[in-house]
Amino acid sequence: MPAAGAAVAGVAVAGVPVACVELLPVMTVLEYGADMAPRLREQPDRSQRGFGPDLLEALAACVELINTGRPGAADGIRTVADVQSFGRRYAFHGRAAGAGDIARLRAHRDGLAAVVAACDRADEDAAIAMLNALLRKTGAVPQIVAHDGRGPHIHVSRPATPLADRMAAHFAMALAEMVVMGESGRLRSCASPSCQAVFVDLSRNRSRRFCDSRTCGNRLHVAAYRARRSAAGQGSARSA
Ligand SMILES: [Zn+2]
Ligand SMILES: [Zn+2]
């Protein structure tokens, strides 16, 4: 209906019968436009409201997996049971974990950590290249499924694919969504020099710096306070 487009765009159309104009779905289009406007205005706010529960869960799991292998802490993926229980916690069904999944998952974990590190330093090109490689390597095949009372949602792997690959593909897809949405800047490393953990900053103004403000953030504040006090103490000692 070319006349509809012309009428909506506000272009005067000579010779269009009045009855025809009345039948045009102009209101639908205007309502759509009116509805969209507030959301467009809100966009710079960049709050996490647009993130669905599936994405939030996948990001939480991804960060948790990466943090099982941070230097300085005991590796959280050492046995087949570790892989299996991680998978079970995040409702990965299908083929059970096998011995091969341990090394496989650790390697994928390194890959996911490298992607987050690239996002953290705002190197989006590197993050994209690594994500595409990870999705290829894990044999990602998107499909719609429904199970465990959950409505239709997307799985990126077949049930027969090794558990380590299914988990890594799922997490890579979550990171890919963040990149595509322009939200990769929310993937960060903890600002505490004594902490290697990564986290997803879901704060409204993207201001979070620590993986956990009660531990890392607080530890750093206490250290800074002690440093200021000791500097002040030295200053007064010199002046005395
Ligand atoms: Zn599912
Ligand atoms: Zn931390």
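Trainee: Helices here are DSSP runs of H or I with at least four residues, strands are E runs of at least two, and both are numbered from the N terminus. So where is the place of Ser194?

Mentor: In the loop between strand 3 (187–189) and strand 4 (198–200). Keep in mind that this is a predicted model.

Trainee: Is Ser194 buried or exposed?

Mentor: Exposed, because Ser194 has 10 C-beta neighbours inside 10 Å, and 12 or fewer counts as exposed.

Trainee: How far is Ser194 from Cys216 in space?

Mentor: 8.3 Å, C-alpha to C-alpha. In sequence, Ser194 and Cys216 are 22 residues apart.

Trainee: Stepping back, how many helices and strands are in the protein chain?

Mentor: The protein chain has 9 helices and 4 strands. From the N terminus, the order is α-α-α-α-α-α-α-β-β-α-β-β-α.

Trainee: How much of the protein chain is buried?

Mentor: Of its 240 residues, 26% are buried.

Trainee: And what about contacts between residues at least 6 apart in sequence?

Mentor: 54% of those join residues at least 24 apart.

Trainee: Now helix 4. Which of its residues are buried?

Mentor: Ala58, Leu59, Ala61, Cys62, Val63, Leu65 and Ile66.

Trainee: What do the buried residues of helix 4 pack against?

Mentor: Helix 5 (80–89), helix 6, helix 8 (163–180) and strand 4.

Trainee: Let's take helix 6. At what angle do helix 4 and helix 6 pack?

Mentor: About 110°, with the axes 9 Å apart. Helix 4 covers residues 53–67 and helix 6 covers residues 100–120. The two helices are therefore roughly perpendicular, since 65 to 115 degrees falls in that class. Their crossing is left-handed.

Trainee: Which residues of helix 4 and helix 6 meet?

Mentor: From helix 4, Cys62, Leu65 and Ile66. From helix 6, Arg109, Leu112, Ala113 and Val116. By class, that contact has 6 nonpolar, no polar and 1 charged residues.

Trainee: What span should helix 4 have?

Mentor: At 1.5 Å a residue, its 15 residues should span 21 Å. The end C-alpha atoms are 21 Å apart, which agrees.

Trainee: And how far does helix 8 reach?

Mentor: 26 Å from first C-alpha to last, over 18 residues. That is close to the 26 Å expected.

Trainee: How many residues of helix 8 are buried?

Mentor: 15 of the 18, so helix 8 is largely enclosed by the rest of the structure. Ala168 lies in this helix. Ala168 counts as buried because it has 27 C-beta neighbours inside 10 Å, and the cut-off is 20 or more.

Trainee: What does Ala168 touch, not counting residues up to four places away in sequence?

Mentor: His108, Leu112, Leu134 and Thr138. Leu112 also meets helix 4. Ala140 is 28 residues from Ala168 in sequence and 9.3 Å away, C-alpha to C-alpha.

Trainee: What about the loop between helix 6 and helix 7 (124–137)?

Mentor: Look at Ala122 there. Ala122 has a positive phi of about 60° although it is not a glycine. It counts as exposed, with 10 C-beta neighbours inside 10 Å.

Conventions:
Residues numbered from 1 in each chain as written. Chains lettered and ligands numbered in written order. Predicted model: local features only at pLDDT ≥ 70, side-chain atom pairs only at ≥ 80, totals over all residues. Axes fitted to C-alpha atoms, helices over the stretch in contact; angles between N-to-C directions. Parallel < 35°, antiparallel > 145°, perpendicular 65-115°, else oblique. Left-handed = near helix turned anticlockwise from the far one by under 90°. Contact = placed C-beta atoms within 7 Å. Nonpolar A, V, L, I, M, F, W, Y, C, P; charged D, E, K, R; others polar. Expected span 1.5 Å × (residues − 1).
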